[in-house]
Structures are given as C-alpha cells and as structure tokens.
Amino acid sequence: MAEVELDLLENAFDSLNEALAKYQEGKDGDEKAYKFCVQHLSHFLELILKYYVTQCHPLLIYKNPFAKIINEESQTIGLFEAINFLKNGGHDISDKFEKDIKWLKKLRNNIEHHKFSMDVDEVEETIGRLMSAVNEFDESHENIDLSSNISTEQYDLFHELANTYEGRLKKAEENVNEALRGLDPKEDNMSVYHCYECDHDTMIPDEDSSTGYRCTFCDNEESDDIEAECAICGDSCPIWQMSCWEDDEFICPYCSHDPEYRKDD
Ligand SMILES: [Zn+2]
Ligand SMILES: [Zn+2]
C-alpha cells in the first residue's frame, strides 16, 4: 500500500477515535465537547472518503494526477470531489448521506468561525446517522472493517451510534408492516410511498397528516409520489399533477382540461 494511503487511513481513524471520545464527553454532560466531536468527525469523513478514492488508484488523491511532477506540494482533492468521484464510479452514496455530510461540514465551518449555535439533539441524531451510513458504505464496498480500527474504549459507543439509526429504521419498517397487516388487499388499496426526505419506503396513510400520509421514520408528510383519486372521473393520479378543488378534493389533469393532457380542447 502506498504511503499516502496508509497516512490517510491512520489519520482517519485517529480522527474517528477522537470524535467518539468527544461525543462521549458530550453525552456525559459537557456539551461543549460536541463542538470538537463535529470537527473530528468531519475530518474523519473527509479522509475516509478520500481513502476510498485512492482504492481505485493512489494517484487519484491528487487534483492533477497527470502533472509532470507530483510531490508533497501537489494539491489534493477535496471532500466533494471525493464524493463525486465515488458516485461517478457507481458507489452508492444516498442523498441523505450526502446531505448529512454537507450539514456536518457547514456546522464545522461555522464552529471554526465562532458563529454557531448547536441543537444538541440534532447533532446527536445526525452523528448517529453518519456513523451508520459510513459503516454501511464500508461494509458494502471496501471492507476495511471500520470497527476493527476503532479503539477498544470507543468500540461500544461506535456500535451504539451506528445501531441507533438502524434500530430506529427497523422500528419504522415494522410500523409499515404493521399497517399493512390488518388490510384486505382486495378492499383497501393502501400504498406505501417512498420518502424522499429520509430515503426509505416508509410513507403510509396517516389520518392526522395534511397529505394523508406520513413517514414512519422521519414524520415527513410530503411526497410527489402520493396518489389521490380524481373527484370527477375517479382515476388515480400523483397529487403533484392534480389541481386542488375545495378541501381534500383533487381533479386530475384530464378533468381540469389541462391542455397538455387534452389536445382536443
Ligand atoms: Zn422519511
Ligand atoms: Zn379526472
């Protein structure tokens, strides 16, 4: 393994171990420690993603791998270039994972410029999600086995964090199955929609929701895929294509004489 890759990996895990230690301090009551956790974790993500890029070729760490001379001063790629490269190479990086990484990076920048406010719950939740996402990514693509590189003191915490998200997801999926179980497939036509907020197939009917649906994982109520019945012809159509007619009544594009759908008008 090239030296640069080893350095990347070693530094990545130093940062991750530090991040976890700070997270624990935060959990133990020292809320300021989360600030350092965010910084270390952000650093970890940047390094580990760059490391994954170097798995295709060590020189890809450089902005210009075709330069005549490459030395310590050569510019290396940034976090977003690494993400783009991995995505272009067919690696699965979900929108949510990317959004979380951006969120964390922004928070880190704000911390560094001393103009930040931090919602501890949000920080904890996002960190848990990131841990689980990066762990999942590692398992499905590169298999460095993150947990074997985590210091023994932080090992339990890492798993707790990575699993909290998975545990919540499992519960959300159970709720979906629960909702489906009591239904008669012939009589009740219930659809489960994809939630674009959290990227799971967890949107089910909910009486209290303004759209009639709610994600069992993240409580989001909106999805472009939700269908409704046209109040005139009774056909089903995604709500975003329909026009709204009084409360809870939708008219499909055909019945509302949308010229795109009705050329004879
Ligand atoms: Zn959701
Ligand atoms: Zn209609």
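Predicted model: local features only at pLDDT ≥ 70, side-chain atom pairs only at ≥ 80, totals over all residues.

Reader: How do I describe two packed helices?

Author: Use the angle between their axes and the distance between the axes. Here, take H2 (residues 33-54) and H4 (residues 95-112). Their axes come within 9 Å and cross at roughly 130°. H2 and H4 are therefore oblique to each other. Their crossing is left-handed.

Reader: Which residues make the contact between H2 and H4?

Author: H2 supplies Lys35, Val38, Gln39, Leu41, Ser42 and Leu45. From H4 come Ile101, Leu104, Lys105, Leu107, Arg108 and Ile111.

Reader: Is Ala33 buried, exposed or partly exposed?

Author: Count C-beta neighbours. Ala33 has 17 inside 10 Å, so Ala33 counts as partly exposed; buried would need 20 or more. Ala33 is found in helix H2. Leaving out residues up to four places away in sequence, Ala33 touches Lys22, Glu25 and Gly26. Glu178 lies 145 residues from Ala33 in sequence, and their C-alpha atoms are 40 Å apart.

Reader: What span does H6 reach, and where is its kink centred?

Author: Compare the end-to-end reach with the expected span. H6 (residues 152-181) has 30 residues and reaches 43 Å from first C-alpha to last, close to the 44 Å expected. H6 has a kink of about 30°, centred on Asn163.

Reader: Which residues of H6 are buried?

Author: Phe158, Leu161, Ala162, Tyr165 and Ala172 are buried in H6.

Key
Residues numbered from 1 in each chain as written. Chains lettered and ligands numbered in written order. Helix = DSSP H or I, 4+ residues; strand = E, 2+ residues; numbered from the N terminus. Expected span 1.5 Å × (residues − 1). Bend = angle between axes of the 7 residues up to and from the residue. Buried ≥ 20, exposed ≤ 12 C-beta atoms within 10 Å, placed from the backbone. Axes fitted to C-alpha atoms, helices over the stretch in contact; angles between N-to-C directions. Parallel < 35°, antiparallel > 145°, perpendicular 65-115°, else oblique. Left-handed = near helix turned anticlockwise from the far one by under 90°. Contact = placed C-beta atoms within 7 Å.
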